[in-house]
Amino acid sequence: MDTPFLRIEESGEVFPLSDEVTTVGRGQGANIRLDDPSVSRLHAELIRRGPYVYVVDLGLSRNGTRVNGRPVARRVLDEGDVLSFGAARGRIGGIPPEEIAADAELRRSAVPELTRRELDVLTSLCRPALSDEAFATPATAHEIATDLVVTEAAVKQHLLRLYQKFRVPEGPNRRTRLANEVVAIGLVKPIPVKPIPLKPTPLKPTPLKPTPLKPIPSADPGEMLDVTGARASAASWPLT
């Protein structure tokens, strides 16, 4: 097969990967459907980016995703890697070594294994830099903490571990250098922002207040109103 694929161990069924994203899960809409109760309806994604194929656990299952027996949040795959989605297992294939250039191989081997929370921190860190705004800088520790609803101290601990994993040395602009490395590897990609449709505000009808009628003063028996509304005495009535 000329394209990367996933071979399910139990059934032997082979699923070629799409050009971009292949979903894996138990649901009817998954590209690779695994009929196993330990697999969530939308469990993971297999993503192709140039010469890379990497797996992303979507965090919707307590059983998680493993590569060669190790739990992962996101990891670049090698030819022959065994993927476990819950109890279901498959083997990745169709990734010829000659398609990967030397510099790409060096960069791919430098991609560390990340926990789900570390991936969340990287995504929040790089979100401003992936926007359409010019000269955008990575998010600060305070902004990441606000975005993820965690303490700033916890974010700083995650960043220290990420600096070590990506071998970012101490010095100025350390967060920027980490963000540049992550974006260059392709671990973080822009998240499209869906516009929020504006709902028309219904117009509330203004209730009409009834105008009170002013009472007409009663006429004196000796008087009556003429056509102009003026009072006239009975003595001034014309004789007929």
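In what order do the six strands of the open sheet lie, and is the pairing parallel or antiparallel? The model is predicted, so local features require pLDDT of at least 70 and side-chain atom pairs count only at pLDDT 80 or more, whereas totals for chains, interfaces and linings use all residues. Residues are numbered from 1 along each chain as its sequence is written, and side-chain values use heavy atoms, with hydrogens and water left out.

The order in the open sheet is β2-β1-β11-β10-β7-β8, with antiparallel pairing. Strands are DSSP runs of E with at least two residues, helices are runs of H or I with at least four, and both are numbered from the N terminus. Two strands pair if DSSP finds at least two bridges between them. At the edges are β2 (14–16) and β8 (70–72), each of which pairs on one side only. On average, neighbouring strands of this sheet are turned by 30 degrees against each other, direction ignored. Within the sheet, β1 (residues 5–8) and β11 (residues 88–93) pair in the antiparallel sense over four bridges; the bridge partner of Arg7 in β11 is Arg91.

Glu45 is placed in strand β5 (residues 44–49). Leaving aside residues up to four places away in sequence, Glu45 touches Val21, Thr22, Thr23, Tyr54, Val55, Val56 and Leu58 (contact means heavy atoms within 4.5 Å). The C-alpha atoms of Glu45 and Ala30, which are 15 residues apart along the chain, are separated by 9.6 Å.

Helix packing was described with axes fitted as lines to C-alpha atoms, for helices over the stretch in contact, and with angles from 0 to 180 degrees between N-to-C directions. Helix α3 (residues 141–148) packs on helix α4 (residues 152–165) at an angle of about 110 degrees, with the axes 8 Å apart. The angle therefore makes α3 roughly perpendicular to α4 (65 to 115 degrees; under 35 is roughly parallel, over 145 roughly antiparallel and the rest oblique). Ala141, His142, Ile144 and Ala145 of α3 meet Glu152, Val155, Lys156 and Leu159 of α4. The residues of this contact comprise five nonpolar, one polar and two charged (Ala, Val, Leu, Ile, Met, Phe, Trp, Tyr, Cys and Pro count as nonpolar, Asp, Glu, Lys and Arg as charged, and the others, Gly among them, as polar).

Helix α2 (residues 116–126) and α3 pack at about 120 degrees, with their axes 9 Å apart, and α2 is therefore oblique to α3. Arg117, Asp120, Val121, Ser124 and Leu125 of α2 make the contact with Ile144, Asp147 and Leu148 of α3. Four nonpolar, one polar and three charged residues make up this contact.
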